[in-house]
Amino acid sequence: MAAATQGLVQTAETNPHVPKRTTVKALVESPALMSIPSNYSYTRYPNESDASDPDETLPTIDFSLLTSRDPLQRSKVIQDLNKACQDWGFFMLVNHGVPESLMKAVVDVCKEFFNLPMEEKMKFADKDIWKPIRFGTGVDVKVEKFYFWRDFIKVFVHPQFHFLNEPKGFSEVSGEYCKRTREVARELLQGISEALGLEENYIEKAMDLESGFQLFAANLYPPCPQPELAMGIPAHTDHGLLTFLIENEIGGLQIEHNGKWFHVNPLPNSFLVNTADHLQVLSNGKYKSIRHRAVVNNKDTRISIAVPHGPSLDTVVSPAPKLVESESRPAAYMPMKYKDYLNLQLDGKPCLDHIQLTFT
């Protein structure tokens, strides 16, 4: 049995009689698994230290104040939003109006999907990032030489809604969840527009949010026999403007702040929101796209659902002209169409590095 287990994660070159890949879930469920295969072992880079609990309270934004009719309350929360985006690139969003029952339902139905037979999930396996429904496990070895300790499903949900028919209710529950998060994101981006000193609807119009690209990404991180050697997702930033994340009650998200890594322990019924690459570009670097990662444990299965909200795929994103002019500093990023930016993911290099301008 041990030999068969190892065979599932070998390449075709080492054993042509076994599948090239398996899901991490199937690997974990093998009774012979005592240690992780070598191609799942991750070596941290020098700047990727162990995480600790934060010395200060993580920023919390009360969404109900942002939609308040009281101008003083709204002004105060916009200041808090500006500080959170500038200092942390991350905040917990509370009182957002998305029902807790819906948030729980979408986590539950994702769990049902990951519990489907492997052959059902593998029908959607593909390396093409432009497939509107894509199941995957680990990572393409052309980009990295190791595999992540996760399985995932990624679905394009806006401006066109795609989804799976199985399990029952997956499409309906996820569709409603994505609709509600999209509404919250657009309201948040209005507040961020004001926080940047722009017109309230600047981001909505400039980024063509009516046709904005929204992605639904569910991740499964099974228990790992050697969590200190594996990584759910290594340190990275997100494309788009804002990413909303929820999880089951198992932690694993870590964020980088002032060069140190911190655990994130979310408040109940909150969204974990991080600023992403295209908000950094639009703000001309005032807001930073936060680096974050997902770690694994040896006891519990973690499920997380990340929903990035971006411009329309045809939008050319560049620093807002008003910010470049008012701050008397040159544009720090070259303009690029959002779709072209997403294609940069294929070479494994941080995408922002491709468009950042240097001045001598």
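This is a predicted model: local features need pLDDT of at least 70, side-chain atom pairs count only at pLDDT 80 or more; totals for chains, interfaces and linings use all residues.
Residues are numbered from 1 along each chain as its sequence is written. Local features need pLDDT of at least 70 and side-chain atom pairs pLDDT 80 or more, while totals for chains, interfaces and linings use all residues, and side-chain values use heavy atoms, without hydrogens and water.

Zoom to β1. Three bridges join β1 to the parallel strand β2 (residues 90-94), and Ile-61 has Leu-93 in β2 as its bridge partner.

Next, pick Asn-274 in strand β10 (residues 271-275). Asn-274 is buried, with a relative accessible area of 7% (buried means under 20%, exposed over 50%, partly exposed in between, with a 1.4 Å probe and protein chains only). Show contacts (heavy atoms within 4.5 Å): not counting residues up to four places away in sequence, Asn-274 touches residues including Phe-90, Asp-238, Leu-241 and His-292.

Finally, select helices (DSSP H or I runs of at least four residues) α4 (residues 71-87) and α7 (residues 170-195), which pack at about 85 degrees. The two are therefore roughly perpendicular to each other (65 to 115 degrees; under 35 is roughly parallel, over 145 roughly antiparallel, the rest oblique). Arg-74, Ile-78, Leu-81, Asn-82 and Cys-85 in α4 meet Leu-188, Gly-191, Ile-192, Glu-194 and Ala-195 in α7.

How values were computed
Axes are lines fitted to C-alpha atoms, for helices over the stretch in contact, and angles run from 0 to 180 degrees between N-to-C directions. Two strands pair if DSSP finds at least two bridges between them.
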